[in-house]
Amino acid sequence: MKKIVFHKTADILKIIVQEVEKKEQISFLLDLLNTNELIEINFLNIQCIPDSIVIALQKIKYNLKIITNENTLKSYLMDLGFTVKLVKKHVDKLKTLNLEYLALAGSAGSLKKFIKIIENLPPSNISVFIIMHHKSDERSSLSCILQSKTKYYKVVEATSDMCIEPRTIYTAPPGKHMIIAGGFIFLTNEEKRNFSRPSISTTFESLSNEYRNNLLAVLVCGYGADGSDSLKLLQQNRTTVLIEDPAECEAKQMLENAIKTKNYDYILKIDEISNHINYFLNSDLFTKEDLEGLLNKIYDKYGYDYTGYNLEHISRRVKLFYSTLKPKSFLEFQNIILRNKNIFKDLFLNISVNVTTFFRNPEVFKKLREEILPKLDSFLDIKVWCAGCSSGEEPYSIAIFLKELGLLDRSLIYATDLNEVILRNATNGIYSKSNYKQFLKNYYQADGSESFSKYFKDFVDFVQIKEEIKERILFFRHNLVEDSKINDFQLIFCRNVIIYFDKDLKDNIFSLFDKSLDNYGFLVLGESESLENHDKFLTIDKSNKIYKRKI
């Protein structure tokens, strides 16, 4: 096996894997992993692995060391409970940071650090959350102080049920935990955490669970250890964590405790932190014309058409790689992207935001179960299309409800996405046990009627969808921008995908959906998308974004 080599010593079996796609390669690797010996396995230039290998690794987890040079694989395996070491490859890569939300936290001595960062923030659409320890019986003047330091942002002290808006800075009030969920702020009187209320850890965790790699979390000076116990979760969610250099602080205990966890990305001086934030918010690295020219060249070179995507969204991703590659000019940056396919994949195959969960927005699935899916019973063969299926939770959710309604055996779900790596992970059907509680909650809120666990096989740290559900789903690559109709469907799901496209491209996609739906077929969009007053679709449920094709 030229793509899988191994070396056995008296102490350890070392395996190097450069490809694991063919049946004989998978079988060979499974044989190697079927041992009680200590194993060090190195996955080189591999972004995803088949489910049988993941399960085999789980069985020997405590005799295992995993190394990879692909951050995509590292994140996938760490989410499933593995410890993975990342080694450098073609560039010293930053984590993918699509900066839309910023969290600043600290205790003693932190105010002047917050002021330094806030007064240097350029105009942008980010939302900022500030957690500073106060005595619970004190009235805070933090929001007033910070408002005097910025003319670009509105600064408010957070209140419960406050909707999160762009260009706004929210400060946590004394004596309350600040939690962010579903685009709103909630304040609670729960017990102190790490002797603190507000607790940095509590807010960090809720923000990271909500915004993942769209969040940058910054910890500045203070006493105690608040924040440290949340950092592992932030790293698992691929949230970037910056810690102020303790040498700058008199109150440095909080920073030293955070550094001991090793769950952070950089230790920086406060000026460097401010510059790091501003780099991602700076809009002057390249022009709109530069970016459009690059997208055209990418289409010519690689065949990926991003010319209809929202330019602001793509611009944030390009800025990330600009800071990673540190080119001397945009032309040099463009040449790197066009010469190195690996770097291109790292950048552009992650343009779409892969945020999903089982039964996301349970009220939509409740409506689907009660009113939409039963109407498909009249069809001999039921076909459903999940366009932009990401990591598979949505098509699996639909399949589970079809199963409960007795319709799955004559149903076929087409699950498509542009990103080939995320599709292969979706095909695995493996999900972190840490997310399972949320899956369970969503399922019952959507009026699921069975024991949710019956649809999964349990592997301690993760679960896997059972074969009876998986076999009714076809995962394959499809580009909504340039690929044509693939079948006639009674139901199309396309949620939180087209928000990244411009108006002309949206119209083209809606036309594709119109051609792809049977008479009176249903279309379900995401909560931020709309088809109101469209001449080809009737609105069935405005709040849940459910539409029906006209004839």
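**View 1. Bridge pairing of strand 1 with strand 2 in the predicted model.** In this predicted model, K8 has L13 of strand 2 as its bridge partner. Strand 1 and strand 2 (residues 13–17) are antiparallel and are joined by 5 bridges; two strands count as paired if DSSP finds at least two bridges between them. Strands (E, at least two residues) and helices (H or I, at least four) are DSSP runs numbered from the N terminus.

View 2. The 5 strands form an open sheet of order 1-2-3-4-5 with mixed pairing. Strand 1 (4–8) and strand 5 (84–86) are the edge strands; each has a single partner strand, so one side of each lacks a neighbour in the sheet. From one strand to the next, the twist averages 20 degrees. Helix 1 (residues 23–33) packs on the sheet and touches strand 1, strand 2 and strand 3 (39–43), contact meaning heavy atoms within 4.5 Å. The direction of helix 1 makes about 15 degrees with that of strand 1; angles run from 0 to 180 degrees between N-to-C directions, and axes are lines fitted to C-alpha atoms, for helices over the stretch in contact.

**View 3. Packing of helix 4 against helix 9.** Helix 4 (residues 111–119) and helix 9 (residues 270–281) pack at about 35 degrees, their axes being 9 Å apart. Helix 4 contributes K113, K116 and I117 to the contact, and helix 9 contributes I270, D271, I273, S274 and I277.

**Conventions.** Residues are numbered from 1 along each chain as its sequence is written, and side-chain values use heavy atoms, without hydrogens and water. Local features need pLDDT of at least 70 and side-chain atom pairs count only at pLDDT 80 or more, whereas totals for chains, interfaces and linings use all residues.
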